[in-house]
Amino acid sequence: MPTSPLRNFHHQIVEALGSSIVKGQFAEGSQLPTEPQLAETYGASRLIIREAMKSLAAKGLVSIRPRTGTRVQPRDQWNLFDPSVLEWQHAAPGKRLIEDLMELRQAIEPLAAKLAAQRASPADVAAIRNAFTAMADAKARGAYIEADLRFHGAVVRACGNAFIMQLETALSAVWATSFQASADGVADPQALKLHRKLLDAIEGGNATAAEKAVLALIDRAVVRIQSNPARKS
């Protein structure tokens, strides 16, 4: 079903305002322009502006209070795992975003890989293997990243820990941002070898090797991010 023009307009306003907030064009604690002012700025109805504000509030970026207006929330109130918020932060200069994401990955993924090696079912292993095959066969950057997301998601689902598994949705946004930052081409042969090592370790029930493989993968991603020309520009 095609997206309605009103829905698309709403999305554009959320993108414009959300990006401006994350980039610091509206300071934390500052009051946003009023509904009539924003409606005039964007050529939109007040209803669309109101719905856009609700979307930003759901992401933790603003607070809406009757008679006092809409204010930008402190950064510690933002939903940092929201895919749009992550994307806006990635585009904003001078942020520690990638470094913070890598530290988060180093804290969670080694344990998930270790547990997956101990607990993965044949179906879990098949899902990881299928994602790896799709990565190896990918001819385009988008297809490679999509398969990479499926690979890491399958590893988390295979760990058997209900709390870690519930983090998959949040981690998917983290992975997407870090993969976009590190993937300057299609496939990195060294990264593929490390994914293969992780797959083999999980399939072979070798928890120590699985833990080492995922740490090496994260280290490899850091190296690629640091050497990515787009990251330096």
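Analyst: Contact means heavy atoms within 4.5 Å of each other. This is a predicted model, in which local features need pLDDT of at least 70, side-chain atom pairs count only at pLDDT 80 or more, and totals for chains, interfaces and linings use all residues. Residues are numbered from 1 along each chain as its sequence is written, and side-chain values use heavy atoms, with hydrogens and water left out.

User: How many helices and strands does the chain have?

Analyst: Helices (H or I, at least four residues) and strands (E, at least two) are DSSP runs, numbered from the N terminus. Here there are twelve helices and two strands. Their order along the sequence is α-α-α-β-β-α-α-α-α-α-α-α-α-α. Along the principal axes, the C-alpha atoms fill a box of roughly 60 × 40 × 35 Å.

User: Which domains does the chain have, and how far apart are their C-alpha centres?

Analyst: Domain bounds come from an automatic or database domain assignment. That assignment gives domain 1 as 5-77 and domain 2 as 93-231. The C-alpha centres of the two domains are 34 Å apart.

User: How do strands β1 and β2 run, parallel or antiparallel?

Analyst: Two strands pair if DSSP finds at least two bridges between them. Strand β1 (residues 62-65) and strand β2 (residues 69-72) are joined by four bridges and run antiparallel. Ser63 has Arg71 in β2 as its bridge partner. Three residues lie between the strands of this hairpin, where Arg67 adopts a positive phi near 70°.

User: How are two packed helices described?

Analyst: The description uses the angle between their axes and the distance between the axes. Axes are lines fitted to C-alpha atoms, for helices over the stretch in contact, and angles run from 0 to 180 degrees between N-to-C directions. Angles under 35 degrees count as roughly parallel, over 145 as roughly antiparallel, 65 to 115 as roughly perpendicular and the rest as oblique. A crossing is left-handed if the near helix is turned anticlockwise from the far one by less than a right angle, and right-handed if clockwise.

User: At what angle do α5 and α9 cross, and which residues meet?

Analyst: The axes of α5 (residues 97-119) and α9 (residues 168-182) come within 10 Å and cross at roughly 125°, so α5 is oblique to α9. The crossing is left-handed. Residues of α5 including Leu97, Ile98 and Leu101 meet residues of α9, among them Leu171, Val174 and Trp175. Ala, Val, Leu, Ile, Met, Phe, Trp, Tyr, Cys and Pro count as nonpolar, Asp, Glu, Lys and Arg as charged, and the others, Gly among them, as polar. By these classes the contact of α5 with α9 has eleven nonpolar, two polar and two charged residues.

User: How does α4 pass α9, left-handed or right-handed?

Analyst: The axes of α4 (residues 83-91) and α9 come within 9 Å and cross at roughly 30°, which means that α4 is roughly parallel to α9. The crossing is right-handed. Pro83, Leu86 and His90 of α4 meet Ala173, Val174, Thr177 and Ala181 of α9. This contact has five nonpolar, two polar and no charged residues.

User: Within what distance do the axes of α7 and α10 come?

Analyst: The axes of α7 (residues 141-158) and α10 (residues 189-203) come within 12 Å, with a crossing angle of roughly 25°. The two helices are therefore roughly parallel to each other, and their crossing is left-handed. Tyr144, Asp148, Phe151, His152 and Val155 of α7 make the contact with Ala191, Leu192, His195, Leu198, Leu199 and Ile202 of α10.
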